[in-house]
Amino acid sequence: MNKREIKALISLLDDEDHEVIQHVEGKILSLGGNVIPFLETEWEESFNPILQRKLEELIHELQLSIMNERLQAWKNGGGLDLLEGMWILSTYHYPELSLENLKTTVEQLYYDIWIQFQEEMNPIDQIKRINSIFFGTMNFAANTKSFHSPSNSMINVVLENRRGNPITLCVIYLLIARKLGLPVYGVNLPNLFVLTYKSENTQFYINVFNRGIIFSKTDIDHYIAQLNIKPKDIFYHPCTNLEIIQRVLRNLILSYEKTGEQEKIKEIEDILRSTLETFDDDSI
C-alpha cells in the first residue's frame, strides 16, 4: 500500500462501526513493522485523543511482534550472542534502541579493563583485578533502592546508570570477562543469579551483586540448605544464554507483578512461553 492508501485506512479507525474498526486494525497489523512510521506521523498530526490511543495500541502491538520475531530468530540460531538477546528484551521498552551502540559501550568497558589486565595472573587475582575496576573506577553497583524496577532488566539502562539487578550486572560482567578470554559463565541459583569461573582445573563462583565477592561450592551448599530446598545440578553448573534470557523475562514478570501492570505481565509471559518447551514458574 502507498502512503495515501495507508492514510485513508488510518482515518477509518475513527469509524463508528466496531466491525469496520476491527477490520481496519487487522489490515494495519498485517502490513507489519514498515507501517509504524506512518502511524507515528498520524499520531503527531492528530488532535483526537481516542484515535491517538488506538494508534498507540497498534504501534505497540507491531513493535511487540517485531520483538517476538527477533527473539525467535535469535533462539533458533542457537542464542550465540548474549548481548543481542539482552538488546532484544530491552526493545520492549526502547524499540528504537541500537544494538551497535550497545556493542560499542561494552567494547569500551572491555578496553578500559584490558589495559589494566594481566593474563599471567592466577584466576582469583584476575577476577579481583576486574572487580577493582568494575566496582571501583566504573562504579557499577547493586540497585538496592529500586530492586524490582523493570529498568533493572534493561541492559541499556544499567549500562548508563551503572546500577542493576543481579542478572543484568552479571551479564555485563560476563561479557567483559569473555572478551578477556576468561571461562566465565552464568549460574542459575534460586533467588540469585551468579557467575562461575570454570576451567579444566579450577572452579569458583562470583557474586556480582555483592561487588564480585568470590565463593565456593561449599558456600552454595550452605545457601541451598538455608533455603531448605533440594540441591540441583543447575545450582552449580553453567547455564545457557537462552536460560539467562528466560530468567530476565521472569524478573520482568515479577517487576510488573509488583506494579500491578497486568497487560505487561501477560505480554511477557507470552514471550517467555514462546522460548520454552513447557511454561513453568521457576524461581526468579
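Does Phe147 count as buried, partly exposed or exposed, and at what relative accessibility? Phe147 counts as partly exposed, because its relative accessibility is 35%, where buried means under 20% relative accessible area, exposed means over 50%, and partly exposed lies in between (1.4 Å probe, protein chains only). The structure is a predicted model, in which local features need pLDDT of at least 70 and side-chain atom pairs count only at pLDDT 80 or more, while totals for chains, interfaces and linings use all residues. Residues are numbered from 1 along each chain as its sequence is written, and side-chain values use heavy atoms, with hydrogens and water left out.

The protein chain contains 12 helices and six strands, these elements being DSSP runs numbered from the N terminus (helices are H or I with at least four residues, strands are E with at least two). Along its principal axes, the C-alpha trace spans about 70 × 45 × 35 Å. Of the 284 residues in the protein chain, 44% are buried, and the chain exposes about 15,100 Å², of which carbon and sulfur atoms supply 49%; accessible areas come from the Shrake-Rupley method with a 1.4 Å probe, and for residues only the protein chains shown count as cover. Among contacts (heavy atoms within 4.5 Å) with a separation of 6 or more, 58% are between residues 24 or more positions apart.

Two packed helices are described by the angle between their axes and the distance between the axes. The axes of helix H2 (residues 18-30) and helix H4 (residues 49-76) come within 10 Å and cross at roughly 40°, the axes being lines fitted to C-alpha atoms, for helices over the stretch in contact, with angles that run from 0 to 180 degrees between N-to-C directions. The crossing of H2 and H4 is right-handed, a term used when the near helix is turned clockwise from the far one by less than a right angle, whereas anticlockwise gives left-handed. In this contact, Ile21, Glu25, Ile28 and Leu29 of H2 meet Lys54, Leu58, Glu61 and Leu62 of H4. The residues of the contact divide into five nonpolar, no polar and three charged, with Ala, Val, Leu, Ile, Met, Phe, Trp, Tyr, Cys and Pro counted as nonpolar, Asp, Glu, Lys and Arg as charged, and the others, Gly among them, as polar.

A search of the whole structure finds nine aromatic pairs, for which rings of Phe, Tyr and Trp (its six-membered ring) must have centres within 6.5 Å, planes under 30 degrees apart counting as stacked, over 60 as edge-to-face and the rest as tilted. Phe147 and Phe209 form an edge-to-face pair, at 5.6 Å centre to centre and 75° between the planes. This pair links distant parts of the chain, 62 residues apart, with Phe147 in the loop between strand E1 (141-142) and helix H8 (155-161) and Phe209 in the loop between strand E5 (203-207) and strand E6 (213-215). The pair of Tyr197 and Phe204 is stacked, because the ring centres are 5.0 Å apart and the planes lie at 5°. Tyr197 counts as buried at 7% relative accessibility, and Phe204 counts as buried at 6%.

Thr196 lies in strand E4 (residues 192-198) and is buried, with a relative accessible area of 0%. Leaving aside neighbours within four places in sequence, Thr196 is in contact with several residues, including Pro183, Phe204 and Pro238. The C-alpha atoms of Thr196 and Pro183, which are 13 residues apart along the chain, are separated by 8.2 Å.
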